[in-house]
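User: Please take a close look at the ligand site in this model. Then set the pockets beside it.

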Amino acid sequence: MNLDDEVRAELAALEAAHRLRVPRVVDGRQGVVVRVDGREVVSFASNDYLGLAGDKRIADAAAESLERDGMGAGASRLVVGNHRQHVELEAAVADWMRRPGVRLFNAGYAANIGVITTLVGVGDVVCSDELNHASIIDGCRLSRARIEVFPHRDVSALDSALARSSGRRKLVVTESLFSMDGDEPDLVAVAEVCKRHGAVLLVDEAHAIGVAGDEGRGLCAAVGVVPDVLVGTFGKALGSFGAFAVSSESVAALLWNRARPFVFSTGLPPSVASGNRTAVRIVREADSLRRNLHARAAQLRMQANVGGAGVSPIAPLVVGDDAAVMRKTEELLGKGLYVQGIRPPTVPEGTARLRISLSASHTEEQVARLAAALS
Ligand SMILES: *Cc1c(COP(=O)(O)O)cnc(C)c1O
């Protein structure tokens, strides 16, 4: 067999298992009404929680920088690619998040890999929630630290794992708002357990930044927890691209030296950094968007039997069977409603689901239409 024959067999096996993924094509601007495969639909599929991905003010800031600064950063920031726009964005995030150390990354995926591999290595232990995002899993694996996976949101299991582990350094990693379940760990309890065991805490706030907390600072800020490192992304509620790690100044300085996805990768385009700075300004002042978002989430939870807790804009509806969930997606699409079906390995076996995500731009009527279509 040659490579293409082997690959075709692998693709056929994915298709037979209802696991083949084929992306649809979007035209034009992202928004709650979006053109997908040539047809206008109401989208409940993006992570654009505040409706900022298509925002003109952010695009204008990027366009102005693009005109002036050109397209490329030219090199890694450690070489000659450290543009004024990067430095100003890091300062803006530091001011927003009220912590002195901020390091940009090219994506949340890169941030988790960079932060985890910087913090732990051979001889250390990393405790990771079983439903943590793939980028956290990959960071743990690449770090070569011993990995202790603890049951979802189970603080007492985490406590025991920390008690029996004898790593030189212990790192605990959790999301603050879980991407496929829309639920939250008890961050206060997690922080307390970390403190008791002298463990370092990393919280991935990818889905909570912009959505929760005063000025959208996230769930840690909302409950008064200051993790050693917090990871946030510009790709979700901030409507753009790129990511950041927030920490003490010394940890940020170490990331500058050791985080390989940072050291060995070209810096973000200056225009993206400029657009992100405008996104930060907008998100800080976006209380009315957050109110809309939380109202739509509460409405959907009242009108349909979906999961997710608190202010979560993520509302899963677990179907179980892979083929059934994809049929449901097609059926909703037929009604002009785009809800993404999510299958393993993104979620555990037997828990294929519709992942409904809400936006501040959804109207009450659109959410009611979805609820009616689901029941
Ligand atoms: C989306 C996501 C990331 C990755 O962020 P990107 O900026 O899209 O690469 C990291 N962690 C979690 C929990 C996510 O959901």
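Analyst: Start with H207. An N or O atom in its side chain sits 2.5 Å from an oxygen atom of the ligand. The protein covers 85% of the 380 Å² of accessible area that the ligand has on its own. Such areas come from the Shrake-Rupley method with a 1.4 Å probe.

This is a predicted model: local features need pLDDT of at least 70, side-chain atom pairs count only at pLDDT 80 or more, and totals for chains, interfaces and linings use all residues. Residues are numbered from 1 along each chain as its sequence is written, and side-chain values use heavy atoms, with hydrogens and water left out.

Two more polar contacts (pairs of N or O atoms within 3.5 Å) can be listed. G108 uses its backbone: an N or O atom there lies 2.7 Å from a ligand oxygen atom. T233 uses its side chain, with a polar atom 2.8 Å from an oxygen atom of the ligand.

Now the whole shell. Helices here are DSSP runs of H or I, at least four residues, and strands are runs of E, at least two, numbered from the N terminus.

Next, the pockets. A pocket is an open set of points on a 1 Å grid over the protein atoms alone, where a 1.4 Å probe fits, with protein on both sides within 12 Å along at least five of seven lines; lining residues have an atom within 4 Å of a point. The largest pocket has a volume of about 1,100 Å³. Its lining has 37 residues, and P23, Y338, Q340, G341 and I342 lie nearest its centre. Helix 13 gives the largest share of that lining, four residues. Domain 1 (24-50 + 287-374) and domain 2 (56-284) both contribute to the lining, so this pocket lies between them. The domain bounds come from an automatic or database domain assignment.

The second largest pocket has a volume of about 420 Å³. It is lined by 21 residues, with E130, L131, N132, A134 and I137 nearest its centre. Here helix 5 gives the largest share, four residues. The lining holds eleven nonpolar, five polar and five charged residues.

Technical notes:
Grid points are joined across faces, edges and corners, and a volume is the space filled by probe spheres set on the points. Ala, Val, Leu, Ile, Met, Phe, Trp, Tyr, Cys and Pro count as nonpolar, Asp, Glu, Lys and Arg as charged, and the others, Gly among them, as polar. A polar contact is a pair of N or O atoms within 3.5 Å; within protein, one must be able to donate a hydrogen and the other to accept it, and residues adjacent in sequence count only if both atoms are side-chain atoms.
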